[in-house]
Amino acid sequence: MSTRTKGLIIAPLGLFFISAGLWVLSEAVVVRHAGAPFRQWFLWGVYALILLNGGLLLFGQAVRYRAQLDYRRFVRRELKKREREWARLLQKRKASPTKGEAK
C-alpha cells in the first residue's frame with residue numbers, strides 16, 4: 001500500500017477515534033454525576049482515554065505520512081530543476097567556442 005493511500009485511510013480513522021473518545025468521556029462524566037458506582041464510570045473513562053490516545057496516534061501517523069509525501073515531492077522537484085540547469089550549462093558549453101578553437 002502506498003504512503004498516500006495509508007495517509008488517506010488513517011487520517012479519517014484517527015479523527016473518528018478522537019471523536020468517539022470524546023463522546024465516551026462525556027458519557028463517563030454524565031454517569032459519574034448521576035451517582036453511578038466508581039467502577040462503572042472509571043472503566044468508561046479508561047475506555048475513553050484509550051480511544052483518544054489511539055486516535056491521536058493514528059492522526060499523528062497520518063500527518064507523518066503527509067510530511068513524507070511533501071518532502072518527497074520537494075526533493076523530486078529540486079532534482080528535476082538541477083537536472084535542467086545542468087542540461088542548459090552543457091548546451092551553452094557546446095554552443096560557445098572555447099579559447100583554443102578556431103572561429
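**Charged pairs and surface patches**

At 52% relative accessibility, Phe38 counts as exposed, where exposed means over 50% relative accessible area, buried means under 20%, and partly exposed lies in between (1.4 Å probe, protein chains only). Everything here comes from a predicted model, in which local features need pLDDT of at least 70 and side-chain atom pairs count only at pLDDT 80 or more, while totals for chains, interfaces and linings use all residues. Residues are numbered from 1 along each chain as its sequence is written, and side-chain values use heavy atoms, with hydrogens and water left out.

Phe38 sits in helix α2; helices here are DSSP runs of H or I with at least four residues, strands are runs of E with at least two, and both are numbered from the N terminus. Together with Phe42, Leu43, Val46 and Ile50, Phe38 makes a nonpolar surface patch of about 480 Å². To join a patch, a residue needs over 30% relative accessible area and no salt bridge; nonpolar side chains (Val, Leu, Ile, Met, Phe, Trp, Tyr) are joined within 5 Å, and like charges within 9 Å. The areas themselves come from the Shrake-Rupley method with a 1.4 Å probe, and for residues only the protein chains shown count as cover.

There is also a patch of positive charge on the surface, where Arg72, Arg76, Arg77, Lys80, Arg84, Arg88 and Lys92 gather.

Next come the salt bridges, each one a side-chain nitrogen of Lys or Arg within 4 Å of a carboxyl oxygen of Asp or Glu. That rule gives a count of three. In one of them, Arg66 pairs with Asp70 at 3.5 Å, N to O. These two residues are four apart in helix α2 (residues 38-95), so about one helical turn separates them. Arg66 is partly exposed at 46% relative accessible area, and Asp70 is partly exposed too, at 34%.

Asp70 also forms a salt bridge with Arg73, at 3.6 Å from N to O. Here the spacing is three residues in helix α2, which again means about one helical turn between Asp70 and Arg73. Arg73 is partly exposed, with a relative accessible area of 36%.

Glu78 and Lys81 make another salt bridge, at 3.4 Å, N to O. Glu78 counts as partly exposed at 24% relative accessibility, and Lys81 is partly exposed at 40%. Because they are three residues apart in helix α2, about one helical turn lies between Glu78 and Lys81. Salt bridges with shared partners link Arg66, Asp70 and Arg73 into one network.

Met1 is exposed, at 71% relative accessibility. Leaving aside residues up to four places away in sequence, Met1 touches Lys6 and Ile9, with contact meaning heavy atoms within 4.5 Å. Thr3, by contrast, lies in helix α1 and counts as buried, at 14% relative accessibility. With residues up to four places away again set aside, Thr3 touches Tyr65, Gln68, Leu69 and Arg72. Of these, Arg72 has already come up as part of the positive patch.

How values were computed. Lys and Arg count as positive and Asp and Glu as negative; His and the chain ends are not counted. The place of a charge is taken as NZ of Lys, CZ of Arg, CG of Asp or CD of Glu.
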